[in-house]
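Subject: Structure for you to look at

Hello,

Here is the structure for you to open. My notes on it follow below.

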Amino acid sequence: MEKAGWYANLPFVYENGGAFVNILILNDDGIAAEGLQTLARHLAPRHNVTVAAPMHQQSGTSHALTIGRAIEVRTDENFDADYDILAWAIDGTPTDCGKLYLDAIAEEMPDVVLSGINHGSNLGTDVIYSGTVGAAFEGFFHGIPSFALSLVEGSEISYAEAAAYFEPFMERVLAETEKPFLLNINFPKVLTGESPQFVFCRQGGRDYINAFERIEENGRVHYKVAGEVSDTDKGAGTDIYAVEHGLISVTPIGVDMTDYPLLEECGRRIG
């Protein structure tokens, strides 16, 4: 398989193990989501895990923040008492959950922020709309190493397996990386090779055809978000390519959205 464009090809096994860390887990699928609960249960025996998640489904909310109304917050005592996980159910967006917990609830900052495991991928330009990535950004904004985790819909990999693959990778990255970061991770439908492989890659391009479904009901017109995936850039070295070839994509994401070539051109021609 062509590997051009990969910055690294990391094996699954990390033999040294990682130090005990305080982990905050967010998501956009809601506090009852299987992916979040599975990830929390997997990590809790070896780390201190806290959950702050929306009361309801919040997919596609990007980095939206609730303004103009009070946000209800309550502890979810039934989340998982057996694993000693403190869970907060928040009636807001994924970003509300991260920001509210970090700014108002937390007595001390977590060592790492995780968002997911999301039901469905967040590849290419999906990251602009993704509530999973939006939540992880809040950790990054607070100077905390952050990961957004997504599992391709229909994957043969279970949430439990994805969590098990991720834990040693997280420990290795935390051990070998000093500054805060945000890594967007996507697990494929089927793994290639005998063991999972994490590859660092760039963001691809993804769009949707027929993005809205028109619905007429009782003389009124409605539109529902639908659409078929149309990948505009999935060449070797992209996250889309990696996932389609059975690899676990890892894409570092930044905050600076400046178009530097255009900035330079405008400065040269107009400035």
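Helix α1 (residues 34-43) is largely enclosed by the rest of the structure, because seven of its ten residues are buried. Buried means under 20% relative accessible area, exposed means over 50%, and partly exposed lies in between, with a 1.4 Å probe and protein chains only. Helices (H or I, at least four residues) and strands (E, at least two) are DSSP runs, numbered from the N terminus. The buried residues of α1 are Gly-35, Leu-36, Gln-37, Thr-38, Leu-39, Ala-40 and Leu-43. Their cover includes the strands β2 (22-26), β3 (48-54), β6 (112-119) and β7 (146-151), along with helix α5 (159-176).

Please keep in mind that this is a predicted model: local features need pLDDT of at least 70, side-chain atom pairs count only at pLDDT 80 or more, and totals for chains, interfaces and linings use all residues. Residues are numbered from 1 along each chain as its sequence is written, and side-chain values use heavy atoms, with hydrogens and water left out.

Next, the cores. A nonpolar core is a set of buried Ala, Val, Leu, Ile, Met, Phe, Trp, Tyr and Cys residues joined through side-chain atoms within 4.5 Å. The largest one has 40 residues, and Val-51 and Phe-147 touch the most other members. Helix α5 gives the most to this core, with eight residues. A second, separate core has 13 residues, among them Ala-52, Cys-97, Leu-102 and Val-113. In soluble globular proteins, nonpolar side chains tend to be buried together.

Last, the aromatic rings. Rings of Phe, Tyr and Trp (its six-membered ring) pair if their centres lie within 6.5 Å; planes under 30 degrees apart count as stacked, over 60 as edge-to-face and the rest as tilted. That rule gives seven aromatic pairs. Phe-169 and Phe-198 are stacked, at 4.2 Å centre to centre with 5 degrees between the planes. This pair links distant parts of the chain, since Phe-169 is in α5 and Phe-198 is in strand β9 (residues 197-200), 29 residues apart. Phe-169 is buried at 3% relative accessible area, and Phe-198 is buried at 1%. Phe-187 and Phe-198 pair edge-to-face, at 6.3 Å and 80 degrees. Phe-187 lies in strand β8 (residues 182-187) and Phe-198 in β9, so this pair ties together parts eleven residues apart in sequence. Phe-169, Phe-187, Phe-198 and Phe-200 form one aromatic cluster.

Regards

Notes
Contact means heavy atoms within 4.5 Å.
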